[in-house]
Amino acid sequence: MSAIAPAPTSHAMSAADGRDASAWTVADLERDTGWIRPLDDADRADLMAGLRAGSVPGKPLLEYRREDFPFGARVIGRLRDAVDDAQHGRGVALVKGLPREGLTPAQFELLTWAIGLHLGVARPQDRMSNYINPVKDVGAVYRSPTGRGYSSKSELDFHVDGGDVVLLSCYNQAPVGGDSLCSSGVTAWRTLVAERPDLARVLEQPVPHSRQGEQPEGIDPWFLMPIFARTAADVCCTWNRNRITNGFRFDDAPACSELQLEAMALLDEILRRPQVMFRMRLEPGDVQILSDFTTLHSRTAFEDHADEASKRTLYRLWLSTPNGIPLPAGLAPFWGATEPGVVRGGTPGQHHDDARRAFVARQAETLGMRVAPGTN
Ligand SMILES: [Fe+2]
């Protein structure tokens, strides 16, 4: 096993350069708010003009191409800078002020999708092989072998999703609760190493991750992957309590040791410490962008509006980007390709068809990315 990384640096040092910016604390995000990126009226006008130019009522999202939405270099540059901050800087960005007023949910979803076409290759997210999902309470039970938090109104555990970055655009917010929480996995790692290096090592061991029953035929229902894996720059975190707890339940999976339980409990405790856990409340028109390698996210439980049209609604995109970070080999069981520039991540689901494969191939070509054999 390789040597444990040095103990956490001070806050002042932690944000000193791009490499260390991902090890932020709440104080860092409050002191330097450069991660919050407001759009202006000209950006909104460019987005609306591009949306109007490309929108064709009834056209399936997978048939749109990047060129259908000529948003202009200015606003796309701003959005790309936010994605790059999430990937290569702090791990978190918040774009504020997408056009929202007067748009239907379907138009706002299309706007989110169209922005994604400029930034990466969308990845499938669920059993239905959906490439974009509404995050909305439809009565799902989060704590079940096939449960997914985005369809429930429950408080969620800290976890990562399945793209180089995850984009979450807000159409409606709940009247009570539904706050977004995020914590730096890099900060959590450094804290673990400082406080309990023995447990930090435990979290570098591969553990079973459940596919939550969403896998296509012929694919195992669980796979082994470490919770923390070293990178050249620092560390990647794959923590997802729900998936790992369910992974350990498979008869043919390794048993969970007392040390592993203790290590996972400490990790969750660190992630919720007041100096580590940042709380934000997404407003309609906001887009939260997070790295799925360095930033963990969660949200609080919520009470929803009574009328359907006002209910909490966000749209989630998982993007494989042309300029992602190189991944450690230990992450290949979920991500597929570990090198940047190759389409990776996502969960293929059970409805992956020719239309979806054609979308991935076309979008990868548009962005100059490679599709490895066997990629969905
Ligand atoms: Fe998530």
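Me: Before we look at anything, when do two strands count as paired?

Reply: Two strands pair if DSSP finds at least two bridges between them. Helices (H or I, at least four residues) and strands (E, at least two) are themselves DSSP runs, numbered from the N terminus. Bear in mind that this is a predicted model: local features need pLDDT of at least 70, side-chain atom pairs count only at pLDDT 80 or more, and totals for chains, interfaces and linings use all residues. Residues are numbered from 1 along each chain as its sequence is written.

Me: Okay, so how many bridges join β7 to β12?

Reply: In general, strands of a sheet pair through backbone hydrogen bonds, either parallel or antiparallel. Here, strand β7 (residues 180-184) is joined to β12 by three bridges, and the two run antiparallel. Look for Leu 181, which stands opposite Arg 279 in β12.

Me: In what order do the strands of that open sheet come?

Reply: The order is β12-β7-β14, three strands with antiparallel pairing. β12 (278-280) and β14 (295-299) each have a single partner strand, so they stand at the edges, with one side left without a neighbour in the sheet.

Me: And how do I read two packed helices?

Reply: You describe them by the angle between their axes and the distance between the axes. Axes are lines fitted to C-alpha atoms, for helices over the stretch in contact, and angles run from 0 to 180 degrees between N-to-C directions. Take α4 (residues 41-54) and α6 (residues 105-119): they pack at about 100°, with axes 10 Å apart. That makes α4 roughly perpendicular to α6 (the label covers 65 to 115 degrees).

How values were computed: Angles under 35 degrees count as roughly parallel, over 145 as roughly antiparallel, 65 to 115 as roughly perpendicular and the rest as oblique.
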